[in-house]
Amino acid sequence: MTQDELKALVGQAALRYVIPGEIVGVGTGSTVNKFIDALGTMKDQIPGAVSSSEASTLRLNALGIPVFDAAAVGELSVYIDGADEIDGHGFMVKGGGAALTREKIVAAQSRQFVCIADESKLVKVLGTFPLPVEVIPMAAARLMRQFATLGGQARLRMKDGTPLVTDNGQHILDVTGLQITDPLGFESEVNQWPGVVTVGVFAHQKAGVCLLGTPSGVTTLTFGA
C-alpha cells in the first residue's frame, strides 16, 4: 500500500473514536485531512468540531461540518491528530504543519488523544525528524544559540523566501541533531525558555492510543498514563 493509502486507512479507522452527539477535536496535516474526509460521512451525527488550524477549519467547513472556537466549548471527549514521530510510550514530535501551539491547546482540552499515523512515524527515540519550535521572532537568534548548547542545529523555517508565519503570527525553528531521551523533562525545560511559544514535543499531552497504518492493516497501540 502507498503512504497515501495507509493515511486513508487510519483516517477511516479513527471514526470509531468519535462519539455521536459530541464535538470532536481535529488536528492538522495530510493524515488528518484523510480523517476529515471520513468524518464528512458522519457529520449529521456530531454537533461539529474544534479545529487546530485555519487549514483544517477550511476543510471542515467545505464538508459542512461546523467549527467551534475552543474557548466557547468545554472539555472534548477526543482529539484526533497525526504525528511526525511517535515512540513506544505515546510521546510525539509534532509541528511539521506549523500548527503545534493550537494542536497542543486542543489536546490539553481533550480527555483522550488518538494519534493517527503510518508505520514510518514510529521510532524508538524522538529526534530524527527536525523538532519544530514556535518562537517569538525577536527571540529566534538567541534561541538558535541556546539549542546549539544542547548539540542541536536550529534553522528558521522559510516559505517563499521569507520566514514562515504561523496562524499565531510567530515563527518556527526546526532543530536537528537532538536525541530526546527524556521527552517530559525536555518539553518542560524548553517551554521555560524566554521567547518559546511552544516546543513540538508532546509528552505532557501524549497520545493515549495510536492507530498505525501498516501494509497488513491498522495496528492499535495503547499507552499507559
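Biologist: Which residues are buried in helix α1 (residues 3–13)?

Modeller: This is a predicted model, in which local features need pLDDT of at least 70 and side-chain atom pairs count only at pLDDT 80 or more, while totals for chains, interfaces and linings use all residues. Residues are numbered from 1 along each chain as its sequence is written, and side-chain values use heavy atoms, with hydrogens and water left out. Helices (H or I, at least four residues) and strands (E, at least two) are DSSP runs numbered from the N terminus; buried means under 20% relative accessible area, exposed over 50%, partly exposed in between (1.4 Å probe, protein chains only). In α1, the buried residues are L6, K7, V10, G11 and A13.

Biologist: Within what arc do the buried residues of α1 fall, seen down its axis?

Modeller: The arc is that of the directions from the helix axis to the C-beta atoms. The buried residues of α1 line one face of the helix, because they fall within an arc of 165 degrees.

Biologist: What residues does G11 touch, not counting those up to four places away in sequence?

Modeller: G11 lies in helix α1 and counts as buried because its relative accessibility is 0%. Its C-alpha atom is separated by 6.7 Å from that of T31, 20 residues apart along the chain. With contact meaning heavy atoms within 4.5 Å, G11 touches K34, F35, A38 and I116.

Biologist: What covers the buried residues of α1?

Modeller: Two of the covering strands, β7 (residues 113–118) and β15 (residues 209–214), pair in the parallel sense over 5 bridges; two strands pair if DSSP finds at least two bridges between them. I116 stands opposite L211 in β15. The cover of the buried residues of α1 includes α2, β7, β15 and β16.

Biologist: Which strands stand at the edges of the open sheet of 7 strands?

Modeller: The pairing in this sheet is mixed, and its order is β3-β2-β1-β4-β7-β15-β16. Each edge strand has a single partner, so one side of each is left without a neighbour in the sheet; these strands are β3 (67–68) and β16 (217–222).

Biologist: Which helix gives the largest share of the lining of the largest pocket?

Modeller: Of the 15 residues that line the largest pocket, the closest to its centre are S53, A55, G97, A98 and D167. On a 1 Å grid over the protein atoms alone, a pocket is an open set of points where a 1.4 Å probe fits, with protein on both sides within 12 Å along at least five of seven lines, and lining residues have an atom within 4 Å of a point. The largest share, 3 residues, comes from helix α3 (residues 54–62).
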